[in-house]
Amino acid sequence: RVCVVGAGAAGLTTIKQLRDQGITDIDCFEKEEDLGGVFNYGTGKNGVYDNAVLTISNYLMAFSDMPPKGHRFHWHHTEYKDYLHQYAKAFGLAKHVALGTRVESVEGGPGRWRVAVRRAGGEVVDKG
């Protein structure tokens with residue numbers, strides 16, 4: 001069983017790579033109410049700002065197992081978030097993600113970890 005913290009670009013591709021290695025018992029916890037991690041824009045968010053454009057091209061930001069289509073350009077943050085949604089859908093990743101779930105603590109060591117999470121309603125759950 002594997003825990004992934006965050007369902008942004010790194011978290012989603014981690015889930016995909018774990019599944020490619022045959023690991024399917026995966027719990028991913030994303031504090032936001034949507035996939036995308038820091039690319040979730042809005043009041044009270046600590047990520048991207050409203051007119052952010054990625055500083056490297058879509059061909060460099062895309063994952064090798066789902067290259068972009070069309071010409072090379074720099075994605076607006078909303079376009080990149082859409083790409084992350086498409087990636088999650090293409091590979092069935094969302095079923096591993098608990099949205100609106102914040103990791104409160106991680107304890108343990110090799111072979112045994114305990115992860116406590118807080119759900120949107122305030123309930124703390126031990127996922128050990």
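Good morning. In β2, Ile 26 is the bridge partner of Val 2. The model before you is predicted, with local features requiring pLDDT of at least 70 and side-chain atom pairs pLDDT 80 or more, while totals for chains, interfaces and linings use all residues. Residues are numbered from 1 along each chain as its sequence is written, and side-chain values use heavy atoms, without hydrogens or water.

Let me turn to the strands. Strands are DSSP runs of E with at least two residues, helices are runs of H or I with at least four, and both are numbered from the N terminus. Two strands pair if DSSP finds at least two bridges between them. β1 and β2 are parallel, joined over four bridges. From β1 the chain passes through helix α1, residues 9–20, to β2 in a right-handed β-α-β crossover; that is, with the strands pointing away from the viewer, the path from the first strand over the helix to the second runs clockwise.

β2 also pairs with β3, residues 97–99, in the parallel sense over three bridges. There, Cys 28 has Val 97 of β3 as its bridge partner. Is β2 mostly covered or uncovered? Four of its five residues are buried, meaning under 20% relative accessible area with a 1.4 Å probe, protein chains only.

Finally, the lining of the largest pocket. β1 (2–5), β2 (26–30) and β5 (112–119) each supply at least two of its residues. Which strand gives the largest share? That strand is β5, with four residues.

Thank you for your attention.

How values were computed:
Buried < 20%, exposed > 50% of the residue type's maximum accessible area, 1.4 Å probe, protein only.
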